[in-house]
Each structure stands twice: as structure tokens, then as C-alpha cells.
Amino acid sequence: MKLWLKVVLGFKVCAAALWILGDPHVALIVFFLPDPWVFLQFVLPRQQAFRPAATVFETPRREVWLTIDDGPDPKSTPKVLELLRWHRAKATFFVVGRQVEKHPELARQIVAEGHTIGNHTHTHPSWSFWSAFPSRTAAEIDGCVGALLLADAPFEHYFRPPVGVRNPFLAGELAARGMVLVLWEARGLDGGRRAPAAALRSIAGQIRPGGILLSHEAGIRPEQRLEFVTLLLEHLSNEGYACVLPERGSLRQSRATLPDA
Ligand SMILES: [Zn+2]
């Protein structure tokens with residue numbers, strides 16, 4: 001059993017003991033004490049307890065890794081590809097399996113234009129992936145792999161869960177498949193309701209060489225997401241950043257492990 005799970009269960013057992021011994025108030029506090037920590041491990045990309053996740057990469061140059069989630073979609077992918085071409089930028093598209101099933105030609109086009117593809121689950125279960133058991137976690141990973149194989153679109157062994165939220169079984173499932181968990185260092189929360197200009201202001205302050213950047217396409221606001229990608233690429237060009245595809249071996253969990261840290 002993992003250490004973190006032992007510690008959390010230890011708190012719960014202590015709480016039960018306190019309850020039996022007649023101190024229900026303290027028992028209640030002890031019972032929920034580790035839960036905020038567990039929650040943070042799920043949602044914050046820099047937290048590494050559940051599974052080491054790549055958030056940066058090693059580079060001596062002014063480079064970033066642009067990642068684009070939630071496609072492919074005919075409403076946005078061709079335009080995103082055009083933007084990338086214009087800026088001579090390369091990106092990794094973390095695609096959703098069922099979207100690939102609907103638009104296999106777009107998955108192939110992404111690769112044909114020199115970009116790469118990562119796995120973003122088969123159905124993008126934003127609200128339930130955190131509680132998925134091993135069989136469902138595996139089905140989400142393998143479903144996306146199956147869609148990419150059927151589409152004849154080569155892909156990298158990179159995985160990103162929906163909204164970056166992990167579950168305790170994800171580590172084992174990824175390890176069994178030789179897959180790397182890729183999260184991000186910088187994001188502008190462009191996937192929600194935030195206006196593209198505001199999202200750019202938010203991400204701009206977080207961008208540094210070697211950073212993994214999160215952006216989105218498709219989804220329920222494809223125009224808004226596309227506008228953010230447009231602004232972000234312009235910003236990166238203006239700031240002299242190159243968007244590259246880092247080698248798997250250069251990926252790191254945190255900036256503290258980079259040579260210039
Ligand atoms: Zn997503």
C-alpha cells in the first residue's frame with residue numbers, strides 16, 4: 001500500500017478510535033484533517049504525491065512546449081493548424097478518443113503537419129475521472145489509444161487526465177503502459193468562461209523557458225478558445241519564444257530539478 005494511503009487511513013482509524021472513546025468533536029476534526037491535502041494532490045499539477053507528472057522540460061534555449069487539449073474538431077483544429085504554420089510553431093494535441101473516432105482525418109493531419117498527439121482519455125469525464133476505479137481508468141486510456149490506432153494516427157505515450165485531475169489508480173495504469181503523465185506549468189484558464197485577453201494576461205506572467213503551456217480547442221466555446229490560442233501564439237512570437245516538441249528524456253517534474261534552478 002502506498003505511504004500516502006496509509007497515512008490517510010491512519011487518520012480515519014484514529015478518528016474512529018476517538019469517537020469510540022467519547023470525543024466526537026476531536027474525532028470529526030481528525031477524520032477530515034488530511035482531506036484538503038488529498039484534494040490538492042488531485043487538482044494541482046505541481047503536487048506529485050499520486051504520480052510524478054511532467055510540468056517543465058530541460059532546455060538551454062528560450063523554448064516552451066505548447067499543448068492543446070480537447071480536440072480534434074473541424075470547427076477549430078484546421079484553424080489552429082493554420083496558426084501554428086503561420087508562427088512556425090510545433091505543438092502537442094492532447095486529443096479525446098471519441099473526437100478522434102468522429103474526425104480521424106484531423107488526427108492524421110495533426111501528425112502530417114509535424115505536431116504530435118497525446119492521450120486525453122476516450123470520453124473526457126471531467127467530473128468523474130477522480131473517482132474512477134482501475135477498470136474505468138484503463139478503459140479511458142485504452143479507448144483513446146484504440147481510436148488513434150483505428151485512425152492510423154501515430155501518437156506519443158503521453159497522457160493528460162481531464163482538467164488535470166488524477167485518481168489514485170492512474171499511476172499504476174500508466175506505468176503498465178509505459179506512459180508519461182504530462183500536466184503543465186502555465187495556464188490561463190482559457191477552457192472556461194474567462195475572456196481570451198484576460199486568460200492571456202494570466203498565463204503571460206507564468207511563461208518561462210522550459211515551461212509546459214496549457215491551452216484548449218473545440219469544446220463548448222471553440223471560438224473563444226481559438227482566440228486564446230491566437231493571442232498566445234502572438235505573445236510567444238513577440239517575446240521570442242519558440243514552440244518546440246521536447247524529447248521525452250528532457251521532461252521534469254518541477255523547475256527545482258532543472259540545471260539552472
Ligand atoms: Zn480537457
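# Briefing: zinc site, salt bridges and pockets

Asp-70 (OD), His-120 (NE2) and His-124 (NE2) coordinate the zinc ion at 2.1 Å. Donors here are N, O and S atoms within 2.8 Å of the metal (3.2 Å for Na, K and Ca), and water is not among the atoms, so sites may look incomplete. This is a predicted model, in which local features need pLDDT of at least 70 and side-chain atom pairs count only at pLDDT 80 or more, while totals for chains, interfaces and linings use all residues. Residues are numbered from 1 along each chain as its sequence is written, and side-chain values use heavy atoms, with hydrogens and water left out.

- The donor residues of the zinc ion follow the spacing D-x49-H-x3-H in sequence.
- Asp-70 lies in the loop between β2 (63–69) and α4 (77–86) and His-120 in the loop between β4 (116–119) and α7 (134–151), so the pair ties together parts that are 50 residues apart in sequence. Helices (H or I, at least four residues) and strands (E, at least two) are DSSP runs, numbered from the N terminus.
- Asp-70 and His-120 are both buried. Buried means under 20% relative accessible area, exposed over 50%, and partly exposed in between (1.4 Å probe, protein chains only).

**His-235**

- Helix α10 (residues 222–238) contains His-235, and His-235 counts as buried because its relative accessibility is 19%.
- Apart from its neighbours within four places in sequence, His-235 is in contact with Leu-200, Ala-204 and Ile-207. Contact means heavy atoms within 4.5 Å.

**Salt bridges**

- The whole structure holds ten salt bridges. Each is a side-chain nitrogen of Lys or Arg within 4 Å of a carboxyl oxygen of Asp or Glu.
- One of them joins the side chains of Glu-239 and Arg-62 (3.9 Å, N to O). Glu-239 lies in the loop between α10 and β9 (242–243) and Arg-62 in the loop between β1 (56–57) and β2, so this pair ties together parts that are 177 residues apart in sequence.
- Glu-239 is partly exposed, with a relative accessible area of 39%, and Arg-62 counts as partly exposed at 39% relative accessibility.
- Another salt bridge joins Arg-160 and Asp-69 (2.8 Å, N to O). This pair links distant parts of the chain, with Arg-160 in the loop between β5 (158–159) and α8 (170–176) and Asp-69 in strand β2, 91 residues apart.
- Arg-160 is buried, with a relative accessible area of 0%, and Asp-69 counts as buried at 2% relative accessibility.

- The largest pocket holds about 600 Å³ of space. Of the 25 residues that line the largest pocket, the closest to its centre are Ser-126, Pro-162, Val-163, Gly-164 and Val-165.
- On a 1 Å grid over the protein atoms alone, a pocket is an open set of points where a 1.4 Å probe fits, with protein on both sides within 12 Å along at least five of seven lines; lining residues have an atom within 4 Å of a point. Grid points are joined across faces, edges and corners, and a volume is the space filled by probe spheres set on the points.
- With three residues, α3 gives the most to the lining of the largest pocket.
- The second largest pocket has a volume of about 290 Å³. Of its 14 lining residues, the closest to its centre are Asp-70, His-124, Gly-219, Ile-220 and Arg-225.
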